[in-house]
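Q: I would like to learn how to read the features of a protein model. Could you take me through one step by step?

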Amino acid sequence: MTAFPSAVRLRRAAVIGALCAGIAVTGAGCEEKADPDKGTNGVGKQTPEKIEDQAKAAATAATSVHLSGTLVSGGKSFTLDMRLKADGGSGEVKSQADTFQLLRVGEQLYLKASAAFWGKSDSAGKLGDKYVKVPESDPTYKQFRGFTDMHVLLDGLLGLQGKLTKGGYTTVGHTRAVPLVADAGKGGKLTVSLEGTPYPLRMERAGGAGRVELSEWGKPFPLEAPAQDQTVDYGSQLPTTKDGTGTGASPAPSKGTGTSTGGTGTGGTGTGTSGGSSSGQGADLTKG
């Protein structure tokens, strides 16, 4: 008569043990805690400073990235949606005034904008929705090229200011990640992947100056010059813009510097027309 209760107790103990192992909780009869770093790349165990260094190193070594998000400067915002790699990039830059499609293959830069952007000249009707070859001698070339330069953009964006702390583990999309917070959030927030290579996945800039998502690290994408019937070549000088002053844009992100354009000063990145007037759309990616 004593064997039967013993068998029941054994079965009960086995069931409790299985439940504890399966749900990994702490409680009566359960002594093991779940390891938050299990299955990760281990970067979350390191100091915030080392995590930041590894994230920047991973970004520098990457062959490509998809960068998208909103940046804010002086109360004005614009969006980027760019696919970038070492020898060029393509995508869209949108300000409150204009939208530009940019494509760079090697050193050849192409710009596509609406007919309205090009003004009322005879050439405007020919340029709408066409890729215009931007000559390297034109000031617009240097101004727009930075938007298609992977490392220029990343250097300008991936900057935290102040003392770093680690936040609790989170996810970006379906990827586990660890956030780094600078100066209690005032100096920006960088979220780094806990899976595979510790790539930056999200950057929230200091002072609420925008947020960008970084994805598809190392993923190849086609980068080809547009078809000949979709391309217009004006030689060494671009036609005038809608305000009649020529084509231009505020410089793309630089590290620690800003440049004024026309009558209105804009540092870092943005879009505007050169010459006597400017649309004032710009943002210095090194500042809030």
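Q: Does Asp233 count as buried, partly exposed or exposed, and at what relative accessibility?

A: Buried means under 20% relative accessible area, exposed means over 50%, and partly exposed lies in between, with a 1.4 Å probe and protein chains only. At 49% relative accessibility, Asp233 therefore counts as partly exposed. Before we go on, a word on the source: this is a predicted model, in which local features need pLDDT of at least 70 and side-chain atom pairs count only at pLDDT 80 or more, while totals for chains, interfaces and linings use all residues. Residues are numbered from 1 along each chain as its sequence is written, and side-chain values use heavy atoms, with hydrogens and water left out.

Q: What is the overall make-up of the protein chain, in helices and strands?

A: Helices (H or I, at least four residues) and strands (E, at least two) are DSSP runs, numbered from the N terminus. Here the protein chain has 5 helices and 17 strands. Of its 288 residues, 43% count as buried. The accessible surface comes to about 14,400 Å², and carbon and sulfur atoms hold 52% of that; such areas come from the Shrake-Rupley method with a 1.4 Å probe, and for residues only the protein chains shown count as cover.

Q: With which residue does Asp233 form a salt bridge?

A: A salt bridge is a side-chain nitrogen of Lys or Arg within 4 Å of a carboxyl oxygen of Asp or Glu. The partner of Asp233 is Lys133, and the closest N and O atoms are 3.9 Å apart. Asp233 sits in the loop between β13 and β14 (259-261), while Lys133 belongs to strand β6 (residues 131-134), so the pair ties together parts that are 100 residues apart in sequence. Lys133 counts as partly exposed, at 24% relative accessibility.

Q: How many salt bridges are there in the whole structure?

A: A search of the whole structure finds 9. One of them joins Arg202 to Glu213, with the closest N and O atoms 2.9 Å apart. This pair links distant parts of the chain, with Arg202 in strand β11 and Glu213 in strand β12, 11 residues apart. Arg202 counts as buried at 17% relative accessibility, whereas Glu213 is partly exposed at 23%.

Q: Which residues are linked in a network of salt bridges?

A: Look at Arg83, Glu216 and Lys219, which are linked in such a network. Within this group, the closest N and O atoms of Lys219 and Glu216 are 4.0 Å apart. Lys219 is partly exposed, with a relative accessible area of 48%, and Glu216 is partly exposed with 32%.

Q: How are aromatic pairs described, and why is the pair of Tyr199 and Trp217 stacked?

A: A pair of aromatic rings is described by the distance of the centres and the angle of the planes. Rings of Phe, Tyr and Trp (its six-membered ring) pair if their centres lie within 6.5 Å; planes under 30 degrees apart count as stacked, over 60 as edge-to-face and the rest as tilted. The structure holds 4 aromatic pairs. In the case of Tyr199 and Trp217, the ring centres are 4.8 Å apart and the planes are at 5°, so the pair is stacked. Tyr199 lies in the loop between β10 (189-193) and β11 (200-204), and Trp217 in the loop between β12 (210-215) and β13 (231-232), so the pair ties together parts that are 18 residues apart in sequence. Both Tyr199 and Trp217 are buried. Elsewhere, Phe100, Phe144 and Phe147 form one aromatic cluster.

Q: Which residue lies over the face of Phe221?

A: A charge sits over a ring if NZ of Lys or CZ of Arg is within 6 Å of the ring centre and within 35 degrees of the ring normal. Over Phe221 you will find Lys85, at 4.7 Å from the ring centre.

Q: Which residues is Ser193 in contact with, leaving aside its neighbours within four places in sequence?

A: Contact means heavy atoms within 4.5 Å. With those neighbours left aside, the contacts of Ser193 include Asn41, Val43, Thr175 and Tyr199. Ser193 is found in strand β10 and counts as buried at 3% relative accessibility.
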